Amino acid sequence: MSEAGVVQDEGRRAAPTERASDPVISARGVWKIFGPQAEAEKIIGTEAATLPRAELRERTGCIAAVRDVDFEVWPGEVFVVMGLSGSGKSTLARVLIRLIEPTAGEIRIAGHDVMAADTAGLRQLRRGTVAMVFQHFGLLAHRRVVDNIGFGLEIQQKPKEQRLDRARKMVELVGLDGFENHFPDQLSGGMQQRVGLARAFAVDPEVMIFDEPFSALDPLIRRDMQNEVIRLQKETGKTMLFITHDLSEALRLGDRIMIMRDGEVVQQGSPEDLVGSPADDYVRNFVQDVPRSQVLTLRWIMRDATASDDLSGPTAPVDEVVRDVVSLVADNPKPVRVMDGDRMVGVVDRVAVLRADGGRS
Amino acid sequence: MSAVTTARPAIRARLPHLGRSAQVGVVLAILLVLFVLLENKFPWPSGLIYPLNKRFDALYEWIVDNQNSHWLFLYFFNHIANFLDQLVAYLNGVLVWLSWVGVTAAATLITLRWSGRRVALLVCGSFLSFGVLGVWEESMETLALMLSAVLVSLAIGIPAGVLAGRSDRFDKAITPVLDVMQIVPAFAYLMPVVIFFSVGNPAAVIATVVYAVPPAVRITALGVRGVARESVEMAESLGATRRQVLFGVQLPLALRSIMLGVNQTIMMALSIVIIASLIGGGGLGDTVISALSFLDVGLAIVASSAIVIMAIALDRATEAAAARMDASRHPEGGLRTPRFSARTLTAAVFVAIAAFALAARAFGIASFPDTVGVGDFIAGIINDVITWVQDPTKPVYPVTSWLGDHLVLWGLEPLRVFLSDSPWWAVIGSAVAIALIVSGVRQMIIAGVLLTAIGVMGVWGPGMDTASQVLVSTVLTLFFGVALGIVAAETPRFEQTIRPIQDALQTLPQIVYLIPIVALFSVGRVPGVIASVLYATPVVIRLVVVGIKEVSPAAVEAARAFGASRAEVLLKVKIPLARPAIMLGVNQGIIMVLAVVIVAGLVGGGALGYGVVVGLQRNEFGDGAVASLAILALGIVLDRVTRGNLQRRSI
């Protein structure tokens, strides 16, 4: 199939080797099979587990929504899970905090063993550690904006003063000043989701899980909201797990992206990994329309210098995006020297840049 | 995946060479041939009758003997009866203490507080009219009875509904029970209730509760289920406990539905008030029944008008309250802080009510001023009109008697003879075959067993009599209902015109339909048929209108774009697509028709309904109970034979 196989992480912020701390979320061998519990548990570990989804359903009546998923999310990272509808991504998000009970696997969030937690422990985890933002916002129509935002704190039985105080701060954070006393249906979709965001931020969680939060919004507003998430993430440094079916959203937001199909992980990696070396035709199909020059860095298109190269041309860092060196190669007939710190690691000429922009590598 | 599952039944349905209606036609043709060949040769064999009525009589005797000694009564039934007796007496006491001034003030102010100004005016006028009509005390007795029944129904129905909304298992467990409770005509409850609680207010309350609980459960469950899954998930994801989810999310968001459930419960309770007075419920119902037995139709109509007025007032009041409770509705902008807090307003309402009541006592106007017999006056006029109508020399009587005679001659009697004189095994056989064709194997078995049970209990003849009345009424109901429904769906102006009539007809208790019709057509089977058509047609119309209106506008637009005429759009797009709704109309219509046909036993409808009447009036408990059971069986058979249809189509 693919020469690259499943390309493992090479995050933009930090390479795995440099990570001193533990992952905030770690999932190992997570399964969710819908159907009778006893029946479902029997499937894992047998050859039935490897059957295609339709066949498994035919034979056992069970539907495997999440199959043997492994991943880690590191502190301060935005980790995107991407897939089409029915790929199991939303189920995965719910399984992580056991809104849907996983069939098997090991899940740790911020040091808590989620699978071992009892009802009280699970509640504690949901109250303080994780907060979720929903596709259709999940606002309560009978409450004003401030009361919606303070709902998480109310669940935690925080005193009213403290709740309102915090909620007002959050109103400011998400830019809803002046709308505190409106009811949700008096707000536009984008503003409603700001309320959803504020509600999640209000409980000051360690991890935020976004379940396709912007797919119900208009494209322009969606873009606004994506920027908002990027801004909030920079301001607060929260770790985020972001579910989406929209590749451009994944590429914009994700430090790393995990692509799922039929409940399985197809590929994990940074945006440029996915675009530069898609693991299979499925991923290739996905990324074929992505403007490669905006995602790929010089690392992906450089070649080793040969004797015939004139090495007196301009330099550019190896993690520069291709699009940004276009004017450089346009102005200079000589190949651009690609530098990793002080070391030259390769060269890029006009042909390579044009090819990268044109599509095929 | 879903494409595969939907495609399959369609293929299977196409396999037989005959369409379903043709198959039913073949079954009926065979039955007709058997009828012609074997008429009266196979009545229900006496060897196949089990004397269940004797068993019931024995049970009743045992109950009478043990009522004051057996633990079941000492610690269970008698406690319930005592509690209900006291509840009714207490509420009645409160209403008497408030006096007419206080009660009218209470009704008006409470609706003003929770339902709005216009409705408050309506409610005020309605309550005053009870006094003007000269039935104030009876109205208050009815109100106390109804409030008790509604309180008990809600105390059972809302928790059960919440449970059913939250637990699939509980929902599955109670759905068939609720189904049966709603299919069986209220009339059939009376007998068993009397056996265990004897005649009186408690029995009336219990019969009412049995009748009114199902909608309370259903609507509450629907409301709780209607809360977006994401809202619940949201609360869970924030670590809410089950209690917090219930009280913070599910109940507030379902409040409007729950209030609609209250509305439905009140309407159900009022619609059975007259029937309940057959087993000792006092108040307006009692007035109606005794007036009927003295053939004082005028008084019966006056008293039932009071019930109808009460029903309309309470319906509008609770409906408006429900609309105000809509979670997403709030006063303009929601930004204005109201001048008084909700609590202050509520407190003010109750203080004012007490003040009105005390003032009325202080000024000695606690009893309603004598309105010089306005009620009697109206009753007199009505009676004069009826005398005129029934006079053979006047123009009305010939028309109605001609109509009634022909209905009997060409509809009811031939069908009754056909059903009861055909070989019994052929009737059961064809019913079973039709159930199989229309609804499938399971429903076929249920229909076969229950139909046989009617024969075994020894009421085959009356059962077939009732069935023939139901069938004639259903055919008429569907004819008018579907036709008017289609017209109403196509012409908005017509719909607007008939809407208030529909609303009014739906608020009337079943038996109220009968009274004026009895006056027009005199006693017999005809009033039951006509009343049941009037009772069931509005519902069929509504379902047809909803069905046609809900047809996807895209499909209609597409047909138009291909140049279909209005008639073609209607015949080829709208009606076929509205078929599930129309089939639901058939099912609902038949059940409603049955309810009225049974009640018509009171006015000469005969058959099974009369069995219950005789049982109640002459203390023939065994016969009454058997008739009740047969009604129950017949109701379920009719429901099963028609319902499978819609379930299959809706896949």
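Some ground rules come before the tour. Residues are numbered from 1 along each chain as its sequence is written, chains are lettered from A and ligands numbered from 1 in the order in which they are written, and side-chain values use heavy atoms, leaving out hydrogens and water. As the model is predicted, local features need pLDDT of at least 70 and side-chain atom pairs count only at pLDDT 80 or more, while totals for chains, interfaces and linings use all residues.

## The two chains

Let's start with what each chain is built from. Chain A has 16 helices and 13 strands, and chain B has 28 helices and zero strands. Here, helices (H or I, at least four residues) and strands (E, at least two) are DSSP runs, numbered from the N terminus.

The table puts some whole-chain values side by side. Buried means under 20% relative accessible area, exposed over 50%, and partly exposed in between (1.4 Å probe, protein chains only). Accessible areas come from the Shrake-Rupley method with a 1.4 Å probe, and for residues only the protein chains shown count as cover.

| Chain | Buried share | C-alpha extent along principal axes | Accessible surface | Carbon and sulfur share of surface |
|---|---|---|---|---|
| Chain A | 53% of 361 residues | roughly 75 × 55 × 40 Å | about 16300 Å² | 47% |
| Chain B | 51% of 651 residues | about 80 × 60 × 60 Å | about 30700 Å² | 67% |

Now for contacts, meaning heavy atoms within 4.5 Å. Take those between residues at least 6 apart in sequence: in chain A, 67% join residues at least 24 apart, and in chain B the figure is 81%.

Then there's charge. Chain A carries 46 positive and 55 negative side chains, with the centres of the two sets 4 Å apart. Chain B carries 44 positive and 37 negative ones, and there the centres lie 13 Å apart. Lys and Arg count as positive and Asp and Glu as negative, with His and the chain ends not counted; the place of a charge is NZ of Lys, CZ of Arg, CG of Asp or CD of Glu.

## Strands in chain A

Strands of a sheet pair through backbone hydrogen bonds, either parallel or antiparallel. Two strands count as paired if DSSP finds at least two bridges between them.

Chain A shows both senses. Four of its strands form an open antiparallel sheet in the order β2-β1-β4-β5. At the edges sit β2 (63-73) and β5 (112-113) of chain A, each pairing on one side only. Seven bridges join β1 (residues 25-34) to β2(A), and A27(A) stands opposite F71(A) in β2(A).

For the parallel sense, look at β7 (residues 207-211) of chain A. It pairs with β6 (residues 130-133) over four bridges, with V130(A) opposite V207(A). β7(A) also pairs in parallel with β8 (residues 239-244) over five bridges, where F210(A) has F242(A) as its bridge partner.

Are the five residues of β7(A) buried or exposed? Five of the five are buried. In a regular strand the side chains alternate between the two faces of the sheet. In β7(A), both faces are covered: V207(A), I209(A) and D211(A) lie on one side, and M208(A) and F210(A) on the other.

## A closer look at chain B

Helix α10 (residues 229-237) of chain B has seven of its nine residues buried, so it is largely enclosed by the rest of the structure. Among the buried ones are E230(B), V232(B) and M234(B). What do they pack against? The buried residues of α10(B) pack against elements including α3 (89-96), α4 (119-129) and β6 of chain A, together with α11 (242-271) of chain B. After α10(B) comes G239(B), with a positive phi near 90 degrees.

S628(B) is buried, with a relative accessible area of 4%. Leaving aside neighbours within four places in sequence, S628(B) is in contact with A188(B), M191(B), P192(B) and V612(B).
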